[in-house]
Amino acid sequence: MIVSLLVLLPWGIALWLSLAQRSAGALTIAGALAEILLCIPLLAGDPSAVAAIHLPLLGALWQLQANPLADLFALTTALLLPVALAVQWHHDEYLHLARILAVLQGALMGTYFANNFLGFYIFYEIVALAAAWLILRSGKKDRRAALTFLLYTVTASLFLLLAVLPIYLNRGNNTGIYDFSWIQLSGSDLSGQIQLLLFLGMLAGLGVKLPLFPLHGWARGAYVQSAPAAALFLSGATVLAGVYGLVHWAVPLLPRGALLFSPAGIILAAIGTLYGAFLALSTSELRETVAYSSVSHMNLVALGIFALQEQAWSGALFLSIAHAVLAAGLFTVLAVLEARGLGSNWEGLGGLFRRMPRFGAWTLLFFLMALGLPGLGNFPGEFLTLLGSFRVLPLWAGIATLGMIVNLVVFLRAYERSMLGQINPRLPAQIADLAQREWWIFLLLGAASLYLGLGSQTLLSDFAQLLPVHSPLLIGGAHGH
Amino acid sequence: MVISATLWAPIAVAIAALLAFFFDLHPRLGRLAPYWGVLGSLGAAALVLHGRLDLGQGFYWDSSATILGTYLGLASAMLFLLLARHPLLQRMPGAFTGLCLSVLLGALLLVGSDELIGLFIGLELQVLPFFALFVWPGSSSRALEAAMKYALLAALASALFALGIALIYLGNGDLALNPPLGPINGTFAARLGFILLLAALGFELAVAPFHAWVADIYAGAPTPAVLYLGAVGKVAIMGVLINLAGVSGTWLLPYLALAVLSMVIGNLLAWRTPSFRRLLGYSAVAHAGYFFAALAAGPLGLIIATFYAVVYGLMHMGIFGPLLSLPEGTDEIPWRHLRQQAPLAAGLLAVSLLSLAGMPPSLGFFVKLGVLVADIHAQVWGLAIVLILGSALSFAYYLPSLWRHPHEQRSLALWQPAILRLYAAAGMLLLGLGWLLFPLFLGQ
């Protein structure tokens with residue numbers, strides 16, 4: 001019941017907004033807060049599940065079920081929406097953006113809770129379409145960026161579909177029951193080689209959302225051209241759909257394929273981490289740096305997942321949640337700059353700290369989080385991921401660590417170029433420091449970051465319980481503890 | 001003489017078509033002609049259902065033929081209802097109705113007949129009326145060129161079809177679609193004839209490499225005629241192809257080749273086309289390819305292909321129904337005007353475009369999923385991969401046509417009767433949520 005409501009409530013709000021066509025800030029905020037409240041009983045352990053729309057040969061299409069990881073990701077998504085809305089508050093595009101974000105949020109909730117692959121796929125495609133629409137209609141309204149994003153995700157997710165169909169047919173042939181539900185699809189007896197091929201297909205579809213290294217071509221356009229609030233939600237929340245898909249669908253459905261792919265996956269993700277960090281180093285504007293560092297971090301998440309090792313998995317999942325907070329913080333920084341008419345181009349920045357000391361201090365916090373300072377949100381995730389994967393493939397885990405070091409350089413340099421040094425003569429004489437709304441956003445995000453960094457044990461002990469749910473085989477048969 | 005129940009539907013439509021021409025005797029009577037067409041078409045659907053699975057002479061309504069026959073009747077009825085007040089039907093509505101009913105008659109012959117001669121008559125009956133419908137008085141000047149091209153190529157296709165029948169007769173000594181001695185393509189001559197049949201039908205369905213005419217017709221011919229061509233004519237051709245694939249045993253190579261060619265060529269051409277109507281023509285080529293991809297997958301593919309044919313017809317109606325409200329010769333969609341003046345029609349157009357692209361959860365997605373399942377089941381992996389690459393590319397042209405806003409004129413008068421609104425609402429429901437009806441067809 002609750003899980004259905006989590007999907008349908010935002011969609012209902014979006015429908016109402018498009019029919020009513022007038023500004024309804026209160027409604028959107030109330031809806032976003034209601035979503036957060038709805039997540040709480042789930043986290044408290046309510047085993048909410050529904051199964052409706054039974055179709056012959058396909059199974060129950062609307063088959064939603066709560067599980068611990070989905071609950072956490074749902075809560076993260078629900079928490080990000082009010083931040084995104086607050087960032088864009090009082091902006092011309094607010095109504096439009098709120099509508100698309102609501103559609104996106106509902107679809108994301110669907111991807112987390114869907115227990116029927118076809119249902120998951122449908123939600124996943126709606127996420128892709130809504131995200132493309134978001135890029136198309138916000139910020140610089142760049143059609144090319146939207147189309148690139150759409151083509152990457154749609155092409156890749158068709159491979160995802162193609163890869164699952166043989167599993168479906170195999171299970172159907174063996175059991176006589178043709179059904180796309182998770183429980184039916186898992187446990188196929190396909191040979192390792194075929195599993196490897198199919199895993200590559202699924203990986204293409206799911207990895208593109210992260211984005212995994214060779215599939216990251218859409219990231220720059222999507223994160224740089226859209227409005228900050230849109231980019232915030234895209235890089236914070238929609239990437240979670242990809243992570244969740246890997247953890248809940250790809251690995252459990254094709255355990256042998258995942259194990260065979262593991263070394264190659266680690267190498268790929270390590271290259272991606274390093275490559276993303278280098279891209280972030282050589283940019284012409286702060287926003288590109290943020291975009292590429294997000295790519296780099298998400299590749300580290302992928303590294304942890306591919307390692308198929310308990311610590312690495314805990315680290316990867318932790319990092320993906322911390323990354324949501326980090327993305328929110330960094331894109332809020334960019335939104336603050338944009339709201340004051342400052343571009344994020346390096347040539348227009350410099351010495352801002354003297355004009356906006358409060359803003360400078362908060363920026364420092366999030367930059368430190370991004371470079372992995374112990375005590376802040378990113379560190380436990382990065383550390384565990386690297387530790388876990390080091391036990392599997394030390395050399396490549398080491399290369400990924402290099403990526404983290406480059407990341408450190410990236411953010412220190414970015415801070416130096418934007419905040420410190422001489423005041424850039426191109427800056428206007430009067431720049432307002434943080435307004436109250438912005439101050440509150442930063443305060444909440446900073447608190448979340450500190451909680452993740454200092455109180456990580458509570459979250460990590462959760463993961464210890466939830467991992468066996470997703471992959472009983474993994475803990476026993478793969479790379480172990 | 002007792003007429004078997006399988007023949008009732010074609011006979012009823014033939015009589016209705018003949019009588020329809022007499023409605024032109026008086027203008028006031030003429031206005032009722034489209035409603036006569038509705039009656040005739042509904043009657044055809046009912047009689048097809050009545051005669052299904054009956055053994056008769058020359059006709060057999062098996063499961064797929066019944067589904068398609070019923071669909072053809074209902075779709076034709078819906079189109080008559082929609083077109084009843086259309087400006088193009090101001091002149092000679094009786095003749096228009098009669099010609100359309102002849103097309104329907106041809107379509108029923110094509111779908112239900114199990115004799116090659118019956119197929120030939122059906123093909124002629126459905127091709128000849130289109131020569132006239134494409135240049136109906138009141139259509140644009142481009143229409144004449146389009147109709148001329150269609151006439152030339154269709155005549156060529158008919159000749160090929162006749163030659164194919166002759167060769168099959170030479171090889172088998174029999175004109176039955178399912179000859180008593182072995183498969184229809186058992187001998188060399190029959191196999192050659194079979195290829196000619198496929199080529200002729202390929203012309204009619206615009207399968208690459210026989211697709212040269214399609215973009216010109218889609219762009220030039222009057223919208224009501226194109227609407228009828230896709231919703232009734234092409235679906236009937238798909239019906240014959242399903243019957244032919246059903247009797248050609250395991251010989252799937254021609255289907256495979258045509259499927260790959262069509263998907264690749266259709267999608268590439270559509271991708272590079274700026275004009276909306278021409279784009280739809282090329283996208284029809286791509287969809288013919290997806291249909292052939294289902295046929296190439298053996299028995300399971302035949303079931304899927306039947307559904308594909310029906311859904312293709314529905315999507316075609318979903319695209320060209322709303323286009324009726326725009327003036328003839330519109331190459332781009334004036335979205336702003338359409339959204340303001342006819343929001344439901346704009347919605348149907350958008351849903352149909354998404355459905356053509358295969359966006360879940362539209363009907364278009366589910367039939368494409370079916371084709372994929374059939375192909376993987378038959379282990380034709382290459383075809384499945386070409387299919388997904390093609391449909392991924394198709395997003396690159398369907399969606400920009402959704403958000404491309406042309407430089408619009410200040411005002412635009414749209415044709416928007418109440419029936420179009422109803423049609424649009426029903427169409428959106430059907431294309432968006434039609435999959436809820438699957439249990440009716442695939443009941444466990």
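What is the mean pLDDT of chain B, and what percentage of its residues reach 70 or more? The mean pLDDT of chain B is 89, and 98% of its residues reach 70 or more. This matters for reading what follows, as the structure shown is a predicted model. For the complex, the predictor gives an ipTM of 0.90 together with a pTM of 0.92.

**Chain A as a whole**

- Chain A contains 20 helices and two strands, and its C-alpha trace spans about 75 × 55 × 40 Å along its principal axes.
- Because a compact globule with 481 residues would have a radius of gyration near 23 Å, the value of 21 Å for chain A agrees with that expectation.
- Of the 481 residues in chain A, 60% are buried.
- When contacts between residues at least 6 apart in the sequence of chain A are considered, 81% of them join residues at least 24 apart.

**Chain B as a whole**

- Chain B has 19 helices and zero strands, and along its principal axes the C-alpha trace spans about 65 × 55 × 45 Å.
- A compact globule with 444 residues would have a radius of gyration near 22 Å, and therefore the 21 Å of chain B agrees with what such a globule would show.
- Buried residues account for 60% of the 444 residues in chain B.
- Among the contacts in chain B with a separation of 6 or more, 79% are between residues 24 or more positions apart.

**Where the chains touch**

- The contact between the chains draws 19 residues from chain A and 21 residues from chain B.
- On the side of chain B that touches chain A, at least two residues each come from helix H16 (363-377), helix H17 (381-403) and helix H19 (438-441) of chain B.
- Of the elements on this side, H17(B) gives the most, with nine residues.
- Sorted by class, the side of chain B that touches chain A has 17 nonpolar residues, four polar residues and no charged residues.

**The strand pair of chain A**

- Strand E1 (residues 49-55) and strand E2 (residues 59-65) of chain A run antiparallel and are joined by six bridges.
- One of the residues in this pairing is A:Ala51, whose bridge partner in E2(A) is A:Gln63.
- The two strands, E1(A) and E2(A), form a hairpin with three residues between them, and A:Leu57 in the turn has a positive phi of about 70 degrees.

- Helix H8 (residues 192-207) of chain A has several buried residues, among them A:Gln195, A:Leu198, A:Phe199, A:Met202 and A:Leu206.
- The cover over the buried residues of H8(A) includes helix H6 (143-175), helix H10 (228-253), helix H11 (255-281) and helix H12 (286-306) of chain A.

- As background, most peptide bonds are trans, and most residues other than glycine have a negative phi.
- In chain B, the peptide bond from B:Ala208 to B:Pro209 is cis, with omega near 5 degrees, and B:Pro209 lies in the loop between helix H8 (188-205) and helix H9 (214-220) of chain B.
- B:Ala206 is placed in the loop between H8 and H9 of chain B, and B:Ala206 has a positive phi of about 65 degrees although it is not a glycine.
- B:Ala206 counts as buried because it has 26 C-beta neighbours inside 10 Å, where the cut-off for a buried residue is 20 or more.
- A:Lys141, which is not a glycine, has a positive phi of about 50 degrees, and A:Lys141 lies in the loop between helix H5 (117-137) and H6 of chain A.
- A:Lys141 has 14 C-beta neighbours inside 10 Å and so counts as partly exposed.

**A loop residue of chain B**

- B:Phe22 is in the loop between helix H1 (5-21) and helix H2 (27-30) of chain B, and B:Phe22 counts as partly exposed because it has 14 C-beta neighbours inside 10 Å.
- Although B:Phe22 and B:Ala95 are 73 residues apart in sequence, they are 8.1 Å apart in space, C-alpha to C-alpha.

Definitions and conventions. Residues are numbered from 1 along each chain as its sequence is written. Chains are lettered from A and ligands numbered from 1 in the order in which they are written. This is a predicted model: local features need pLDDT of at least 70, side-chain atom pairs count only at pLDDT 80 or more; totals for chains, interfaces and linings use all residues. Two residues are in contact if their C-beta atoms, placed from the backbone, lie within 7 Å. Helices (H or I, at least four residues) and strands (E, at least two) are DSSP runs, numbered from the N terminus. Ala, Val, Leu, Ile, Met, Phe, Trp, Tyr, Cys and Pro count as nonpolar, Asp, Glu, Lys and Arg as charged, and the others, Gly among them, as polar. A residue is buried if 20 or more other C-beta atoms lie within 10 Å of its own, exposed if 12 or fewer, and partly exposed in between; C-beta atoms are placed from the backbone. pLDDT is the predictor's confidence in each residue, from 0 to 100. Two strands pair if DSSP finds at least two bridges between them. The radius of gyration is taken over C-alpha atoms; the globule rule is 2.2 Å times the number of residues to the power 0.38.
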